[in-house]
Amino acid sequence: MYDSLKVAELIKLRAKAKGIVIKEMLNDLGLGVNTMSNLRHGSMLKADSLARIADYLGCSVDYLLGRTDNPEVNR
């Protein structure tokens, strides 16, 4: 099982590195303002929401899940 707290932290770190405000990102993606709070409290995102966040942040889903340290998308 993946750790939703780690996912939240990786999203936060990637957004900061890209100069992206998380609140604006969530709004742009049509996700609720409580999305990050829910992650920090143990609720995991749906796969499509996680994929949209990864696309927005220009990284792979595997990176956000902590499966790799390389944020690059492998296509």
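In this predicted model, leucine 31 has a relative accessibility of 14%, and because buried means under 20%, leucine 31 counts as buried. Leucine 31 lies in a loop, the one between α2 (22-29) and α3 (35-40). When residues up to four places away in sequence are not counted, leucine 31 touches Leu26, Ser49, Arg52 and Ile53.

Threonine 35, by contrast with the loop position of leucine 31, lies in helix α3. With a relative accessibility of 11%, threonine 35 counts as buried, and, leaving aside neighbours within four places in sequence, threonine 35 is in contact with Leu26 and Leu45.

The two residues can be set side by side.

| Residue | Relative accessibility |
|---|---|
| Leucine 31 | 14%, buried |
| Threonine 35 | 11%, buried |

How do helices α1 and α4 lie, and at roughly what angle do their axes cross? The axes of α1 (residues 4-18) and α4 (residues 47-57) come within 10 Å and cross at roughly 25°. Because angles under 35 degrees count as roughly parallel, α1 is roughly parallel to α4. The crossing in which α1 passes α4 is left-handed. On the α1 side the contact is made by Val7, Ile11, Arg14, Ala15 and Lys18, and on the α4 side by Leu50, Ile53 and Leu57. Sorted by kind, the residues of this contact are six nonpolar, no polar and two charged.

Methods: Residues numbered from 1 in each chain as written. Predicted model: local features only at pLDDT ≥ 70, side-chain atom pairs only at ≥ 80, totals over all residues. Heavy atoms only, no water. Helix = DSSP H or I, 4+ residues; strand = E, 2+ residues; numbered from the N terminus. Buried < 20%, exposed > 50% of the residue type's maximum accessible area, 1.4 Å probe, protein only. Contact = heavy atoms within 4.5 Å. Axes fitted to C-alpha atoms, helices over the stretch in contact; angles between N-to-C directions. Parallel < 35°, antiparallel > 145°, perpendicular 65-115°, else oblique. Left-handed = near helix turned anticlockwise from the far one by under 90°. Nonpolar A, V, L, I, M, F, W, Y, C, P; charged D, E, K, R; others polar.
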